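Welcome! Let's explore a protein together, one question at a time. Have a look at the sequence and the structure first.

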Amino acid sequence: MSATTRKARVAVVGCGGWTQGWHLPNLAHRTDAEVVAVVDPTEQPGVGGCVPSICAPMPEVAAKYSARWYKSIEEVLADNDELKLDGVLCAAPHQVHAKVGTAVLEAGLHLLMEKPMTADTTEARMLLDLARSRPTQAFLLNNTANWQPGTVAAYEAVAAGKLGAIRHVNAVFAAPLEWLFGGDTWWAKPQGSMVGNGFGWGQLSHTFAWIFKVTNLTPKAVFAVTQASEKTGADLYDAITITCTNGATISVTGVGACPDKGFKVLGNWIFGTEGMMSYSGLAGSDNVKISAEQVAAEGGKRATPHLELWRNDGTHELGPPVEFEHLDQVAAPGSMDAWLKACLGQEYFVGAGPLEGLKSVATIEAMYRSAQSGQMEQVRGCEGLEASMVQGVVVH
Ligand SMILES: NC(=O)c1ccc[n+]([C@@H]2O[C@H](COP(=O)([O-])OP(=O)(O)OC[C@H]3O[C@@H](n4cnc5c(N)ncnc54)[C@H](O)[C@@H]3O)[C@@H](O)[C@H]2O)c1
């Protein structure tokens with residue numbers, strides 16, 4: 001069978017709410033992928049995760065997707081002569097990402113890792129260095145926002161110098177997630193070596209991966225003040241100031257408890273020496289799917305938000321619609337497309353990889369340290385990252 005007609009043989013590690021609700025249905029709809037192994041140590045997965053209510057027991061999951069159930073990544077890799085895997089998708093809790101990721105990369109397979117890449121800066125740096133030593137393998141992060149057409153257009157505009165040198169970024173991300181960070185979940189308490197847990201690891205990992213992909217800035221120091229859920233201690237409100245290695249600054253607002261209207265609120269503004277950019281609107285299930293009829297019924301008062309560029313030379317560009325996280329259960333995100341292309345030996349786009357992963361992990365870890373110390377904290381683990389890795393389309 002040729003590389004273009006065969007199906008990628010993949011294993012999915014961690015079969016809780018996100019995997020059963022999104023990854024497995026997405027994979028099942030594809031004609032270029034075959035799930036041959038599902039991995040979870042527990043018979044009843046997803047307890048304490050994002051949506052335990054939709055989680056079936058592992059024997060049912062394995063039967064539904066015609067895959068074999070394994071209890072660990074080591075058991076899967078030990079069987080790989082028979083399984084003949086091309087790639088592994090990891091959607092286990094943050095604190096086991098490094099262990100799974102290391103095993104997958106060392107086994108020579110293509111990896112799609114959930115965000116955050118890890119929740120530990122030392123582990124994140126180790127994963128980046130491991131990925132650098134294996135340039136023929138894909139290591140993609142499931143920061144799905146980074147593959148949205150608007151994000152790609154923003155990245156290309158900045159890379160083409162349309163904004164000049166980036167001097168400041170202002171980002172707001174607000175989500176109705178008090179049930180997750182104020183609830184009885186592992187998302188609300190530090191696990192393993194994590195310094196803090198809550199909206200930072202859970203959601204700002206999307207915002208930071210977007211900022212670092214689009215701007216290629218490298219964080220240097222972080223000052224943060226956070227407010228916690230009284231019930232769990234998880235951060236629900238984050239006010240963050242970041243300085244970068246080139247002197248640019250980033251200001252981020254995170255809100256984990258806003259009114260639930262079925263969407264998240266997104267505001268990303270980038271200011272450069274030659275112009276500014278806005279990628280702001282509503283993100284989530286209702287996202288930009290505000291119909292033309294609805295806009296008309298509201299007297300045209302609300303327009304669908306798009307990427308916008310204003311330059312000092314007076315020019316203005318309107319780009320693709322603003323979309324952020326990918327929550328479709330039928331059409332797979334661009335990250336999954338890219339990972340499966342890598343598995344099949346095809347060209348793919350790196351929306352988020354270990355570079356954005358490390359910068360995001362290091363920034364969030366410094367955010368929690370700063371919130372605890374009351375001081376500006378130096379970002380660790382990002383030494384020598386400038387101009388370090390291929391960022392666009394990769395051909396293996
Ligand atoms: N990209 C997104 O938009 C998005 C959305 C939701 C969740 N996520 C990410 O997905 C991951 C999982 O989140 P969730 O809420 O589905 O978690 P969950 O707790 O529902 O599921 C995780 C599963 O992993 C299993 N597990 C634990 N240790 C394991 C190991 N060593 N090997 C294999 N499996 C192991 C658990 O038993 C559990 O069933 C997190 O990292 C989260 O950030 C990403």
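Q: Is His 97 buried or exposed?
A: This is a predicted model, so every value here is computed from predicted atoms. His 97 has a relative accessibility of 0%. Buried means under 20%, so His 97 counts as buried.

Q: In which helix does His 97 lie, and which residues does His 97 touch?
A: Look for helix H5, residues 97-106, where His 97 lies. Leaving aside residues up to four places away in sequence, His 97 touches Cys 90, Ala 92, Met 113, Glu 114, Lys 115, Pro 116, Met 117 and Thr 118.

Q: Which two residues are joined by a cis peptide bond?
A: Start in the loop between strand S5 (110-113) and H6, where Pro 116 lies. The cis bond has an omega of about -15°. The residues joined by this bond are Lys 115 and Pro 116.

Q: Is Ser 205 buried or exposed?
A: Ser 205 is found in helix H9. Ser 205 touches Lys 115, Pro 116, Asn 143, Gly 200, Ser 360 and Ile 364, not counting residues up to four places away in sequence. With a relative accessibility of 2%, under the 20% cut-off, Ser 205 counts as buried.

Q: How are H9 and H12 oriented to each other?
A: Helix H9 covers residues 199-215 and helix H12 covers residues 354-373. Their axes come within 8 Å and cross at roughly 130°. That angle makes H9 oblique to H12.

Q: What is the handedness of the crossing of H9 and H12, and how many residues of each class are in their contact?
A: The crossing of H9 and H12 is right-handed. By class, the contact of H9 with H12 has 10 nonpolar, four polar and four charged residues.

Q: Which residues of H12 meet H9?
A: On the H9 side, the residues in this contact are Phe 199, Gly 200, Trp 201, Leu 204, Ser 205, Phe 208, Ala 209, Phe 212 and Lys 213. Their partners in H12 are Glu 356, Lys 359, Ser 360, Val 361, Thr 363, Ile 364, Glu 365, Met 367 and Tyr 368.

Q: How are H6 and H12 oriented to each other?
A: Helix H6 (residues 121-132) packs with H12 at an angle of about 170°, and their axes are 9 Å apart. Angles over 145 degrees count as roughly antiparallel. H6 and H12 are therefore roughly antiparallel.

Q: Which residues meet between H6 and H12, and how many belong to each class?
A: From H6 come Thr 121, Ala 124, Arg 125, Leu 128 and Ala 131. They meet Pro 354, Leu 355, Leu 358, Val 361, Ala 362 and Glu 365 in H12. By class, the contact of H6 with H12 has eight nonpolar, one polar and two charged residues.

Q: Are Cys 50 and Cys 55 buried or exposed?
A: The relative accessibility of Cys 50 is 17%, so Cys 50 counts as buried. For Cys 55 the value is 9%, and Cys 55 also counts as buried.

Q: Is Ser 66 buried or exposed?
A: You can find Ser 66 in the loop between helix H2 (58-64) and strand S3 (68-70). Ser 66 is not a glycine, although its phi is positive, at about 50°. With 66% relative accessibility, Ser 66 counts as exposed.

Q: Where does Asn 216 lie, and what is its relative accessible area?
A: Asn 216 lies in the loop between H9 and strand S8 (219-228). Asn 216 has a positive phi of about 60° although it is not a glycine. Asn 216 is partly exposed, and its relative accessible area is 39%.

Q: What distance separates the C-alpha atoms of Arg 167 and Ser 72?
A: Arg 167 is found in strand S7 (residues 166-174). Arg 167 and Ser 72 are 95 residues apart along the chain. Their C-alpha atoms are separated by 45 Å.

Terms used. Residues are numbered from 1 along each chain as its sequence is written. This is a predicted model: local features need pLDDT of at least 70, side-chain atom pairs count only at pLDDT 80 or more; totals for chains, interfaces and linings use all residues. Side-chain values use heavy atoms; hydrogens and water are left out. Axes are lines fitted to C-alpha atoms, for helices over the stretch in contact, and angles run from 0 to 180 degrees between N-to-C directions. Helices (H or I, at least four residues) and strands (E, at least two) are DSSP runs, numbered from the N terminus. Angles under 35 degrees count as roughly parallel, over 145 as roughly antiparallel, 65 to 115 as roughly perpendicular and the rest as oblique. A crossing is left-handed if the near helix is turned anticlockwise from the far one by less than a right angle, and right-handed if clockwise. Contact means heavy atoms within 4.5 Å. Ala, Val, Leu, Ile, Met, Phe, Trp, Tyr, Cys and Pro count as nonpolar, Asp, Glu, Lys and Arg as charged, and the others, Gly among them, as polar. Buried means under 20% relative accessible area, exposed over 50%, partly exposed in between (1.4 Å probe, protein chains only).
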